[in-house]
Amino acid sequence: MIITLPLQENIFQAKTVEELKAHLVKTFEELAYRPEMKVADDQVELTVEDSPAGMTALVQLGNVYLASGKPKEAEHYYRQAMENDPLNFIAVTNVGAACLDRKEYGEAIRLFEQALERNPYYVNAHYGRALAYFQQDDTERAFQACLDGAQKSLQVVDNSGARDNMLRLLISLAEKLVGEIDSKKVVDALKAKLEQVDGKTIQIEADDNIVHSATLQVAKAQSNEAHEIKYQSNLPFTDYLVLRKLIRLQMVQEARTRGKNKVVEFTGTNLGNFNRRFGVFFSNFATKMKAESLEAFKLGVANGFSYQLMNFVHDLIVEDRIYFDYPQLRPLQLLFLTRQEQESLTAIRPSKELDLMPQTVVNASRLMVLIASLYYANLYGINVVSEYHGNEKEYQKVDKLYEEFIDYLENDPQPGDEYELVEDFAEELGFGDLITVHGESGLIL
């Protein structure tokens with residue numbers, strides 16, 4: 001294939017054919033294959049071989065025209081490359097982008113999907129398809145296209161900014177879709193279903209005096225008591241907070257059916273273990289705090305950290321269930337997890353408060369937060385793990401524990417099996433002595 005590029009009105013504004021040739025040489029210098037060039041009168045002739053490498057050179061030439069504000073000429077070369085090499089996913093995507101610019105949305109989507117068949121990880125094709133749906137006001141398909149692209153391209157290095165733009169669009173679409181989701185209907189339906197399982201009423205009420213965002217108090221197995229869920233009304237996503245506790249209750253009911261439910265507690269013995277391990281550390285602050293305040297602070301650290309140990313695994317399993325069992329809630333889950341991620345980042349940044357806590361406790365808490373962040377990254381393709389600024393040893397530990405969690409999910413776990421994972425994680429984090437897991441014996445969780 002011979003392409004003639006005249007000196008007259010050339011895109012490089014070259015004054016001589018030799019200068020024009022020099023610009024073209026630079027255009028192709030980073031490619032493994034470079035077209036042959038010959039100067040003829042007032043033009044340069046490019047001889048492009050009919051091969052995948054040659055079509056890549058055509059795409060590069062099209063890119064130069066596009067960057068120079070000549071989209072029509074650029075599309076011409078993209079189409080030539082696509083027609084001669086249908087496997088050239090970049091050429092196909094670029095033709096799709098030209099169709100998108102002309103508002104030919106159906107053809108654009110077809111071409112983007114054709115490109116993704118060739119390369120499922122190509123960010124530009126994912127982003128283009130999402131934009132095509134978005135510009136047709138098909139918000140749900142645009143969200144799904146963004147989500148698919150975010151997941152597939154999680155490990156892709158993209159310097160074009162297309163992936164960042166796609167993630168911003170994903171969040172924007174989620175915010176739009178949340179207004180259309182009837183999350184209360186989902187909560188009410190699950191509540192009614194769970195009340196039928198064991199015949200116990202589920203009482204749900206706001207309580208801004210609780211320490212955590214939401215709490216679950218499970219009724220005794222053999223009693224007429226009700227299950228109680230409380231939540232802080234001043235927080236966003238209150239329906240989602242309640243749903244998470246309902247699913248946790250569902251897990252308890254399922255485990256009870258198998259006779260495998262257990263209780264996870266922070267007992268007096270566990271508190272004694274905490275005091276023995278860290279009593280000396282906290283005594284260093286005796287001159288800075290009154291005895292009563294220091295004791296309250298130490299107890300707060302013990303309770304907060306043990307709560308994280310007790311609930312960490314269950315919370316991950318709950319989120320996994322929501323993602324797969326309630327796909328219509330994914331926009332809501334995405335926004336909830338995004339907010340939670342930002343809170344976690346803030347909580348573990350160096351601060352005066354963290355300086356008052358034992359370093360081993362801070363390290364273990366960080367590991368749990370990082371594992372949750374890695375799970376979030378793989379679920380929605382938004383990876384902020386690097387923002388935690390962990391070291392190599394820390395990330396190796398995170399990867400190991402994360403793989404254990406994924407293995408658990410993939411090995412067909414039965415109701416109640418999660419308690420063994422809770423114990424395993426606590427042991428591997430070095431704090432198995434701070435929680436107690438035992439068979440259910442009528443205690444309230």
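**Group meeting: a first walk through the chain**

Okay, let's start at one spot: leaving aside residues up to four places away in sequence, N88 touches P52, M55, T56 and V59, where a contact means heavy atoms within 4.5 Å. Before I go on, this is a predicted model, so to speak: local features need pLDDT of at least 70, side-chain atom pairs count only at pLDDT 80 or more, and totals for chains, interfaces and linings use all residues. Numbering runs from 1 along each chain as its sequence is written, and side-chain values use heavy atoms, with hydrogens and water left out.

Back to N88. You'll find N88 in the loop between α3 (71-84) and α4 (89-101); helices are DSSP runs of H or I with at least four residues, strands are runs of E with at least two, and both are numbered from the N terminus. Is N88 buried or exposed? N88 is buried, at a relative accessible area of 8%. Buried means under 20% relative accessible area, exposed is over 50%, and partly exposed lies in between, using a 1.4 Å probe and protein chains only.

Now zoom out. The chain has 17 helices and 8 strands. Its radius of gyration is 29 Å, well over the 22 Å from the globule rule for 445 residues, so the chain is more spread out than a compact globule. That radius is taken over C-alpha atoms, and the rule is 2.2 Å times the number of residues to the power 0.38. Along the principal axes, the C-alpha atoms fill a box of roughly 95 × 55 × 40 Å. Of the 445 residues, 47% count as buried. And if you take contacts with a separation of 6 or more, 67% come from residues 24 or more positions apart.

What about the inside? The largest nonpolar core has 140 residues, and L24, L46, L61 and L170 have the most contacts inside it. Helix α12 (residues 291-325) gives the largest share of this core, 13 residues. By nonpolar core I mean a set of buried Ala, Val, Leu, Ile, Met, Phe, Trp, Tyr and Cys residues joined through side-chain atoms within 4.5 Å. Take L61: not counting residues up to four places away in sequence, L61 touches I3, L5, L24, F28, L46 and Y77.

Last stop, G268. This glycine is found in helix α11 (residues 268-283), and G268 counts as exposed at 60% relative accessibility.
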